[in-house]
Amino acid sequence: MSRDKEFWNEEVETLSPGEIEALQEDRFLRMVKQAWESPFYRQQWIRAGIDPEDIKGIEDLRKLPFTTKQDLRDFYPHGFLCVPKDRLVRVHISSGTTGQATAVFYTRADIAAWAELMARCMYMTGARPGDVFQNMTGYGLFTGGLGFHYGAELLGLLTVPSGAGNSKRQLQLMKDLGTTIIHIIPSYALRFMDYLNENGVEPRKDLNLRIAYLGAEPYSEEVRRRVEEFYGVKVYNSYGLSEMNGPGVAFECSYQKGMHIWEDAYIVEVVDPETGEPVPEGEIGELVLTTINREGMPLVRYRTRDLTRILPGSCPCGRNHRRIDRIQGRSDDMFIVKGVNIFPIQVEQVLMAIPEVGTNYRIVLKREKNVDEMIVQVEVTDRIFIEDMRELNRLKGKIQHELKSELLITPLVELVEPNGLPREEGKAVRLIDLRK
Ligand code: ADP
Ligand code: ZN
């Protein structure tokens with residue numbers, strides 16, 4: 001068997017746009033029948049006056065109402081199930097970063113299909129049997145760990161289920177096993193950089209890493225660049241959410257120009273978050289996804305709240321599954337200061353392009369005498385001399401100036417020593433809004 005094949009699943013990955021559409025239509029119509037079996041969709045569609053018999057083609061997708069996170073909460077835990085409970089083999093519960101938890105159930109076929117998507121993702125970036133894959137994200141209810149784990153084993157990688165945290169052990173494993181590929185959330189990739197620096201480890205020289213998968217939280221191109229340079233790896237962006245299985249929804253190919261969405265598994269829409277109407281091709285809006293290859297718990301027109309756009313044009317890699325741009329953030333991450341709309345990622349872009357800036361930052365919003373104040377707290381690198389007031393003031397001025405040119409308002413900047421800001425176990429908390 002040739003191990004040098006170009007695609008993990010050539011038949012599906014190289015479908016033409018027309019073939020993708022035909023496959024989507026088949027699967028969509030099948031999914032509508034399944035969804036009708038679930039308490040939630042039956043109730044929602046009856047209320048909206050929809051008879052599933054009237055859904056005749058993919059162009060009827062837009063007749064169906066959206067599904068929201070709130071719906072998942074209201075029908076927690078079993079209200080979306082389309083199969084008897086004895087067919088289920090797994091449940092994941094969303095970490096609930098923004099509120100009450102939601103549950104997603106999987107049948108055996110769902111787990112297998114998810115693993116297949118993940119294997120495609122990793123294969124597409126050059127992962128091959130013989131690679132040692134250290135999975136440095138949380139296992140358990142969070143989908144990131146097990147999602148990658150099953151895909152990596154299917155692909156044939158030697159999989160190290162190290163989980164998140166415990167940097168000392170992570171490093172030891174990397175050295176002992178000769179880890180070549182890691183999966184890690186961006187904020188931990190930055191934090192682990194500090195750990196390696198403190199311990200005098202130069203990854204390019206002392207380790208064997210060549211690929212890093214970063215996802216699960218928003219991050220900027222500047223963070224990608226830093227991680228690539230420091231570790232000597234190629235960083236590939238990985239996008240997913242528990243409601244859509246977890247990771248494996250969209251992933252970068254070796255060209256690193258946007259993430260291919262697997263359109264044999266998901267129908268993609270990008271809508272105006274206010275009106276729910278589709279935005280013109282290529283414009284930024286809210287990503288809306290429909291599962292068309294899931295049997296336990298299909299979701300129809302799920303509002304992800306993630307903001308992105310479809311990238312125009314075709315990808316030189318030969319896959320016609322369309323690409324989305326880096327996620328800007330969730331629509332609810334945006335904050336308003338002095339009438340200006342800001343995403344945390346804009347602040348990150350500016351900060352991470354400044355070499356004296358370290359690996360962590362956060363944004364604090366306050367209201368003093370009815371005036372909003374934005375404070376950006378920034379860790380400096382250990383290469384700058386903290387006792388030198390003049391140097392610090394110069395750096396502060398530089399950060400302030402560059403933030404102002406990006407954001408058009410002038411935030412207060414506070415410099416903090418390396419490791420001076422609080423760190424979270426899981427996803428980073430970038431915004432502290434004390435105004436409410
Ligand atoms: P929770 O909703 O509790 O955080 P999830 O693990 O389901 O739990 O989080 C999914 C969310 O994480 C996505 O909706 C998106 O906002 C964010 N996310 C995942 N991957 C990326 C990525 N590559 N870039 C930016 N944001 C991402
Ligand atoms: Zn591609």
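Trainee: Let's start with helix packing. What describes two packed helices?

Mentor: Two packed helices are described by the angle between their axes together with the distance between those axes. Keep in mind that we are reading a predicted model here. Take helix 7 (residues 167–177) and helix 8 (residues 186–198): they pack at an angle of about 80 degrees, and their axes are 11 Å apart. Helix 7 and helix 8 are therefore roughly perpendicular to each other, since angles of 65 to 115 degrees get that label.

Trainee: Which residues of helix 7 and helix 8 make the contact?

Mentor: From helix 7 you have S167, K168, Q170, L171 and M174, and from helix 8 you have Y188, F192, Y195 and L196.

Trainee: Is G165 buried or exposed?

Mentor: G165 counts as buried, because its relative accessibility is 10% and the cut-off for buried is under 20%.

Trainee: Now the other helix pair. At what angle do helix 10 and helix 11 pack?

Mentor: Helix 10 (residues 221–231) and helix 11 (residues 344–352) pack at an angle of about 40 degrees, with 8 Å between their axes. That angle makes helix 10 oblique to helix 11. On the helix 10 side the contact uses E222, V223 and R226, and these meet E348, Q349, L351 and M352 of helix 11. The residues of this contact split into 3 nonpolar, 1 polar and 3 charged.

Trainee: How far is L351 from G165?

Mentor: Their C-alpha atoms are separated by 25 Å, and along the chain G165 and L351 are 186 residues apart.

Trainee: On to the metal. Which protein atoms are the donors of the zinc ion (ligand 2)?

Mentor: For a metal site, list the donors, then look at the angles. The protein donors of the zinc ion (ligand 2) are SG of C253, NE2 of H260, SG of C315 and SG of C317, lying 2.1 to 2.3 Å from the ion. The 4 donor atoms subtend angles of 101 to 118 degrees around the zinc ion (ligand 2), so the arrangement is tetrahedral.

Trainee: How are the donor residues of the zinc ion (ligand 2) spaced in sequence?

Mentor: The pattern is C-x6-H-x54-C-x1-C. The pair H260 and C317 links distant parts of the chain, as the two are 57 residues apart. H260 belongs to strand 9 (residues 259–261), while C317 lies in the loop between strand 12 (302–308) and strand 13 (323–324). H260 counts as buried because its relative accessibility is 0%, and C317 is buried with a relative accessible area of 10%.

Trainee: What about the backbone? Which peptide bond is cis, with omega near -5 degrees?

Mentor: That's the one from Y76 to P77. P77 is in the loop between helix 4 (69–74) and strand 1 (88–93). Within helix 4 you'll find Q70, which is partly exposed with a relative accessible area of 39%. From Q70 to R30 the C-alpha distance is 25 Å, across 40 residues of sequence.

Trainee: What is phi of R305?

Mentor: Phi of R305 is near 70 degrees, a positive value in a residue other than glycine. R305 has its place in strand 12. N370 is another residue other than glycine with a positive phi, near 65 degrees. N370 lies in the loop between strand 17 (357–368) and strand 18 (371–380), and it is exposed, with a relative accessible area of 73%.

Trainee: Last one: where is T381, and what is T381 in contact with?

Mentor: T381 is in the loop between strand 18 and helix 12 (389–407). Leaving aside neighbours within four places in sequence, T381 is in contact with P355, E356, V357, G358 and P418. T381 is buried, with a relative accessible area of 11%. E277, in turn, is 45 Å from T381 in space, C-alpha to C-alpha, and 104 residues from T381 in sequence.

Technical notes:
Residues numbered from 1 in each chain as written. Chains lettered and ligands numbered in written order. Predicted model: local features only at pLDDT ≥ 70, side-chain atom pairs only at ≥ 80, totals over all residues. Heavy atoms only, no water. Axes fitted to C-alpha atoms, helices over the stretch in contact; angles between N-to-C directions. Helix = DSSP H or I, 4+ residues; strand = E, 2+ residues; numbered from the N terminus. Parallel < 35°, antiparallel > 145°, perpendicular 65-115°, else oblique. Contact = heavy atoms within 4.5 Å. Nonpolar A, V, L, I, M, F, W, Y, C, P; charged D, E, K, R; others polar. Donors = N, O, S within 2.8 Å, 3.2 Å for Na, K, Ca; no water. Tetrahedral: all angles 85-135°; square planar, octahedral: opposite > 155°, others 65-115°. Buried < 20%, exposed > 50% of the residue type's maximum accessible area, 1.4 Å probe, protein only.
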